[in-house]
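Please read these notes with the model open beside you. They take the salt bridges in turn and then turn to one helix.

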Amino acid sequence: MKSLMEVRDLGIAYGREGGWIDVVEGVSFDIERGETFGLVGESGCGKSTVAYRLLGYGIGNNTVRTGQILFEGSDLLKVNSRALTRLRGNRIAFVPQNPTTALSPGMRVGSQIREMIAKHRALPDGSTIESRIVELFALVGLPDVSRRYPHELSGGQQQRVTIAMAVACNPDLLVLDEPTTGLDVTTQRQIIQLLQDLKNRIGMAMLYVTHDLALLAQIADRVGVMYAGQLVEVASCDKLLSNPAHPYSRGLIASIPTMEHSTARSRGLRGLLRRDQIPAGCKFEPRCDFATAACRSTAQSLVAVGERHSVACMHWSDINARDARQTEKPNTTIPARPDSKPESVLSVDDLTLSYTKPDILSRIFSTARPPVARNISFDLLPGEVMALVGESGSGKSTIARAISGRLPPQSGSVKLDGKLLQPTLKLRPPEQLRQIQYIFQNPDASLNPRRTIRAILERPLIHFGIEAEPTTLETALENVGLHAAYLDRFPEQLSGGERQRIAIARALLVNPKILICDEILSALDVSVQAKIIELLKALKQQHSVSMLFISHDLAVVRQLADRVAVLYRGELMQVEDADALLNSPLHPYTEMLLHAAPDLRKDNYEPSVPAMPESRSTGNKGCPLAGRCPRQIGTICGDSPPPLQATSGGFIRCHISTRQLATQTFRQHRDRSQI
């Protein structure tokens with residue numbers, strides 16, 4: 001039986017000054033009906049370029065040089081635009097990385113789905129368009145949100161809408177380009193579970209493009225690993241993650257942060273891809289620990305090494321023994337904390353935050369919106385990394401904005417080195433602005449598209465009057481895994497991961513005392529993540545840079561953080577030393593987050609509690625988790641605020657005593673005993 005989709009010897013080139021540059025070469029794979037095929041690799045490897053070509057998309061300056069893309073035997077590279085239009089959305093559908101830019105801001109989401117159904121006349125017998133839209137929303141776990149505009153939905157809800165739109169016509173193939181990047185861990189797992197359910201119910205196949213191998217482990221049947229435009233390994237998901245054969249696959253997997261503290265690990269990827277230094281032979285040779293002279297001159301292509309397992313490496317068979325000799329112990333040395341507590345570099349005291357200013361009418365009629373964050377208090381020591389974790393909408397970024405001066409607090413105070421910080425950026429002196437640097441989640445909104453990277457990096461040096469050495473900018477780029485050739489490029493010429501590295505380099509250039517890192521690793525490849533984590537560790541240990549590190553990736557938090565603050569609906573549920581919190585979570589909400597965190601083994605995750613509701617019940621004056629908590633006690637949790645209880649490294653807010661929480665831990669389906 002023929003495969004649903006067959007890609008044969010695909011070659012794609014981009015036009016630039018001086019001619020054409022090959023970005024995809026000789027890529028071949030197939031996708032069976034009902035199969036999920038994952039495509040992974042570092043930024044710029046060509047995986048998204050291949051994915052878009054499966055739908056017949058290609059921007060003006062790229063061309064297909066070689067190959068075929070066969071859908072049910074028909075070559076999509078040869079069909080006309082009218083035939084492609086009939087296929088897109090109907091037989092082959094697409095889910096983008098960023099639902100915000102995929103959904104029209106001026107149309108209600110129901111109208112956007114209605115447009116898709118009407119375009120392809122894909123209406124089941126006996127159904128109306130309106131009933132079909134409601135059915136699709138229910139299919140992706142949403143109530144009827146037809147009348148809402150995209151901005152009225154959370155990021156996770158927007159992504160569910162794009163999925164509902166994509167499956168509206170029951171497609172045979174669903175192409176997904178990083179569909180969960182930037183989403184919190186519980187929403188990620190809900191999306192993955194949703195896709196798995198849709199696959200089982202509709203029988204559709206999927207091409208899943210991602211850099212998140214832990215999530216891919218939960219859904220993929222087979223995986224193709226790409227490097228510099230070529231496939232270097234194709235194997236079943238279990239085989240690839242448990243026993244990868246290609247050196248690049250091994251390095252990629254070894255770079256993934258995990259929830260475990262192992263005594264030894266394989267060496268991760270070294271260096272970075274330089275397309276101007278790719279040899280005539282194996283493209284990975286400059287970064288490979290097992291390369292020989294022959295590798296530099298002998299081109300490699302996929303060869304079968306097992307059942308449905310192919311590798312492009314002449315040394316794959318003897319790498320196991322050689323790799324064992326190169327296993328190294330990670331550098332996990334953490335400076336001992338002094339006996340006497342040092343002065344805090346940052347103090348947050350009883351901070352309450354809101355995006356609306358209460359007016360006279362709202363005070364009279366009690367119509368003011370509840371604050372986004374309430375009674376937030378914590379301190380940050382020199383050289384300490386505090387992670388702020390919680391689901392989307394919990395108030396993490398709101399707190400960061402207030403500390404940085406981008407949102408004046410409703411009440412409470414923020415102090416830097418014991419001195420009260422003014423509430424807004426305009427009122428703060430330049431030295432305080434230099435000492436607190438903010439790295440945003442979305443670099444597209446923080447990098448000037450009309451300036452070169454050189455100008456972008458020079459701007460803070462000029463603004464703060466910092467004299468730079470001739471090699472300052474080059475060194476700043478090298479520290480984040482880039483090279484000097486990037487200085488004369490514009491942001492639009494960089495991938496999303498590369499733009500984020502520029503934003504990090506810019507913040508570090510002015511030698512800040514505090515870094516506010518707002519989901520800065522969510523869009524980066526695992527290899528780059530590992531480099532950035534090591535860079536942040538070095539800053540922390542060598543220069544005592546303190547960090548407020550906002551993240552939904554608990555494995556990254558484990559690698560970097562000293563303490564963790566768990567936030568839910570604007571309230572701190574738990575603050576604790578990182579190891580203690582991740583090894584033995586006390587609060588039920590902390591357990592929920594840990595339960596949802598994926599690793600490289602398929603775990604058959606099932607949420608044991610409902611998803612976070614859209615808004616907190618106005619009648620709930622007690623714990624914000626009431627109604628969702630798996631260990632709720634009668635009505636007291638909803639009626640009374642939870643008391644604050646001290647722990648060895650912080651505090652917890654819960655009606656259940658810490659002794660009961662420690663001895664009668666709510667057991668999730670997943671075994672976390674290895675943590």
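1. The count of salt bridges comes to 27. Keep in mind that this is a predicted model.

2. Start with E35 and R308. Their side chains meet in a salt bridge, at 4.0 Å from N to O. E35 sits in the loop between β2 (19-31) and β3 (36-40), and R308 in the loop between β11 (303-306) and β12 (309-311), so the pair ties together parts that are 273 residues apart in sequence. Buried or exposed? E35 counts as buried, at 6% relative accessibility, because the cut-off for buried is under 20%. R308 has 42% and counts as partly exposed.

3. Next, look at E42 and R287. A salt bridge joins these side chains, with 3.0 Å from N to O. E42 is in the loop between β3 and α1 (47-53), while R287 is in the loop between α10 (247-254) and α11 (293-297); the pair therefore ties together parts 245 residues apart in sequence. E42 is buried, with a relative accessible area of 10%. R287 counts as buried too, at 5% relative accessibility.

4. K540 belongs to helix α19 (residues 526-543). D562 lies in the loop between α20 (554-560) and β21 (563-568). The two are 22 residues apart, and the pair links distant parts of the chain. Both K540 and D562 are buried.

5. Which residues do salt bridges with shared partners join into one network? They are D30, E32, E35, R222 and R308.

6. Now turn to helix α17, which spans residues 472-479. Its buried residues are L473, A476 and L477. Where do they fall, seen down the axis of α17? They lie within an arc of 95 degrees, so they line one face of the helix.

7. Finally, check what comes after α17. G481 follows the helix. Its phi is positive, near 80 degrees.

Note on methods
Residues numbered from 1 in each chain as written. Predicted model: local features only at pLDDT ≥ 70, side-chain atom pairs only at ≥ 80, totals over all residues. Heavy atoms only, no water. Helix = DSSP H or I, 4+ residues; strand = E, 2+ residues; numbered from the N terminus. Buried < 20%, exposed > 50% of the residue type's maximum accessible area, 1.4 Å probe, protein only. Arc of directions from axis to C-beta.
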